[in-house]
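User: Got a model open here and I'd like to go through a few parts of it. Can you take my questions as they come?

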Amino acid sequence: MAGAGGGGNDVQWCFSQVKGAIDDDVAEADIISTVEFNHSGELLATGDKGGRVVIFQQELESKNQPQCRGEYNVYSTFQSHEPEFDYLKSLEIEEKINKIRWLPQKNAAQFLLSTNDKTIKLWKISERDKRPEGYNLKEEDGRYRDPTTVTTLRVPVFQPMDLMVEASPRRVFANAHTYHINSISVNSDCETYLSADDLRINLWNLEITDRSFNIVDIKPANMEELTEVITAAEFHPNQCNTFVYSSSKGTIRLCDMRASALCDQHSKLFEEPEDPSNRSFFSEIISSISDVKFSHSGRYMMTRDYLSVKIWDLNMESRPVETYQVHEYLRSKLCSLYENDCIFDKFECCWNGNDSVVMTGSYNNFFRMFDRGYRQDVTLEASRESSKPRSVLKPRKVCTGGKRKKDEISVDSLDFNKKILHTAWHPQDNIIAVATTNNLYIFQDKL
Amino acid sequence: MFPKGTKRKFSDSREEPVAGGEDVNQSSSAAVRMLSSYSLQRQSLLDMSLIKLQLCHMLVEPNLCRSVLIANTVRQIQEEMTQDGTWQIMTQALTQSLSPHPDAPTHTIDLSDLPLNAVHHDSLRDGIWEDGPLTCPGCAEGNRLGVSSPSPPHTSLPTSPSQDSSSGHPRAQSPSAHLRSFEGEMANSLGYLTDLALDDIFEDIDTSMYDSSDIPSALASYPSWVCGVSSWGDEGLKMCSSYTSASTLQQCLTDLNDLDHIMEILVNS
């Protein structure tokens with residue numbers, strides 16, 4: 001196709017930066033588990049399996065290099081969650097950060113929610129670039145002076161200091177989830193947020209940590225009858241009473257909190273009828289939705305299942321308005337992918353700032369972009385080989401059969417250990433963050 | 001794999017060619033070959049899924065979504081196999097291979113009145129923990145059979161009644177019970193995840209000594225019929241070693257048979 005990328009037929013994606021260790025020996029704790037831009041795009045947060053959060057800040061655009069947008073450099077690093085032991089169940093609770101969500105900025109400080117399987121925490125990230133000096137009663141090191149030596153009165157004065165970024169936990173929302181938390185979503189009212197686990201969704205007030213409201217509960221009375229779990233949930237970007245949750249059976253339910261306190265009855269049920277020609281024992285597993293994201297406009301939502309990305313119009317429940325195949329060539333390999341468990345991989349998806357392009361990850365460190373307007377798609381790769389600064393990414397192609405052309409990769413050569421599960425798109429600009437197993441790649445369009 | 005004298009019908013074509021001497025495919029038609037290949041694949045998928053369900057228990061805290069998806073896959077296969085009759089053929093064949101004593105007692109999976117310390121109960125189902133006492137009233141401390149409900153909790157799946165009624169074998173309870181125990185296993189993998197291993201508090205074996213990859217300790221949380229009391233070592237490893245063996249199903253049931261034997265001895269003593 002003409003052009004190399006999504007976002008219009010003339011967007012070319014260039015390598016910008018890569019963060020993380022170079023060596024192939026991946027430490028378990030360094031595995032990136034979530035990536036999220038804040039609302040302005042100035043900050044980029046990542047969470048990893050070791051329970052750490054690393055926040056990158058975009059430098060102001062340099063006048064020397066007008067071709068480049070600002071680079072992202074480490075702004076703050078902190079240990080968000082520690083491994084815990086549940087003594088009642090004799091089970092370890094992983095410290096892996098499942099999701100990070102930023103709160104809209106209200107004042108000088110930044111706030112984000114981070115969650116592991118059981119506990120959500122509200123973190124305040126604030127800058128300190130001044131400190132008081134010249135205390136009357138204290139020495140510079142903090143020790144109190146001998147009162148008899150104090151003969152004058154002076155008031156401390158703020159003096160500039162090196163910038164220090166502090167992260168402090170302001171709230172801990174614990175003990176509300178029996179099952180593993182898979183999603184958190186901040187409401188547009190900026191006062192509440194939801195957290196979803198496999199069977200329940202809870203509504204919290206950001207100020208109140210000892211109470212939450214259960215708004216969805218799909219746990220059956222008899223657990224033997226359990227056949228469906230919640231896989232993702234999100235609040236509508238504009239309507240504070242509306243949220244959606246997806247299931248392992250490929251359905252999405254939209255709920256209105258005004259209707260009742262417990263939203264077990266959905267307002268809308270989005271489900272595409274199954275294609276009988278594609279039916280197999282794996283049909284249900286590959287229909288399980290791994291991610292659901294509203295468009296910025298709030299008119300559409302996107303779901304990711306194992307092989308495809310679907311765009312739904314909130315006004316039409318019967319089927320998606322658009323379907324994009326991410327890696328259809330895997331359909332004939334489902335049995336092997338079931339055997340090696342790859343079929344259970346949970347890929348995320350994201351929208352660009354104006355909802356014209358969507359992006360999701362795949363295997364072999366490939367990621368895909370689909371331009372909704374121009375009906376184009378492209379496959380790109382996040383690898384060290386194509387990581388020369390400002391080098392344009394070359395589109396990749398997977399050979400599905402027949403003669404393999406030059407530069408194509410055959411399906412059997414794909415590395416299924418190199419999977420891109422987490423991607424994020426800057427809210428305004430064409431800057432994307434793509435997480436491989438333990439590296440974070442930042443790409444931007446060629447200016 | 002089958003005892004001698006069992007006549008194998010050509011629809012029972014899931015057996016690997018090396019296992020027996022009889023040539024499964026009587027006819028050389030392509031349709032039959034396709035059918036047998038499909039049945040083979042389906043059986044292999046069933047075995048693989050059951051092992052995955054078992055391995056689910058080995059993880060620190062199993063992934064509920066994954067367990068549910070695998071369990072649904074097993075149910076699907078089971079339903080299809082029941083519809084085309086292969087399920088019954090398989091259960092009958094397995095029954096015959098598992099009958100050492102003609103007058104061995106019929107048993108169900110209900111273990112509630114057996115005071116066995118070494119046996120882990122399979123009562124990790126949510127319903128029991130939520131509604132009933134932790135241990136059944138007559139059980140002593142340290143007895144980890146906390147099953148308070150007397151009935152075997154395997155009634156949720158539609159396939160079991162049809163197997164019971166259709167089998168005319170005098171020990172018809174056994175094969176269906178065996179198979180229901182697989183259904184129970186699915187329930188276990190779900191119920192286990194909810195209210196959890198309260199029995200671990202009473203566990204004799206200190207699982208912190210073992211890695212999560214250590215199969216024998218992981219099998220510790222299995223219902224006893226899966227691994228049998230004697231299967232802490234090699235047999236357990238053997239069971240989990242490969243996906244493709246069609247004898248895996250049988251292996252589990254063989255171990256169950258060992259358990260029968262031991263239970264018998266203990267009850268009589």
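User: How many residues sit between β16(A) and β17(A) in their hairpin?
Analyst: Six residues lie between β16(A) and β17(A) in that hairpin. The strands pair in the antiparallel sense over five bridges, where pairing takes at least two DSSP bridges. Within it, A233(A) stands opposite Y245(A). Strands here are DSSP runs of E with at least two residues, helices are runs of H or I with at least four, and both are numbered from the N terminus.

User: Before we go on, what kind of model is this, and what's the numbering?
Analyst: This is a predicted model: local features need pLDDT of at least 70, side-chain atom pairs count only at pLDDT 80 or more, and totals for chains, interfaces and linings use all residues. Residues are numbered from 1 along each chain as its sequence is written, chains are lettered from A and ligands numbered from 1 in the order in which they are written, and side-chain values use heavy atoms, with hydrogens and water left out.

User: OK. What joins β17(A) to β18(A)?
Analyst: Five bridges, with the strands running antiparallel. V244(A) has L254(A) as its bridge partner in β18(A). These two strands also form a hairpin, with four residues between them, and G250(A) in the turn has a positive phi of about 85°.

User: Is β17(A) buried or exposed?
Analyst: Mostly covered: six of its six residues are buried, meaning under 20% relative accessible area with a 1.4 Å probe and protein chains only (exposed is over 50%, partly exposed in between). In a regular strand the side chains alternate between the two faces of the sheet. In β17(A), T242(A), V244(A) and S246(A) are on one side and F243(A), Y245(A) and S247(A) on the other.

User: Switching topic. Where is H177(A)?
Analyst: H177(A) lies in the loop between β11 (157-173) and β12 (181-186) of chain A. It is buried, with a relative accessible area of 7%.

User: Which side chains does its side chain make polar contacts with?
Analyst: The H177(A) side chain makes one with the side chain of S195(A) at 2.6 Å and one with that of D197(A) at 2.8 Å. A polar contact is a pair of N or O atoms within 3.5 Å; within protein, one must be able to donate a hydrogen and the other to accept it, and residues adjacent in sequence count only if both atoms are side-chain atoms.
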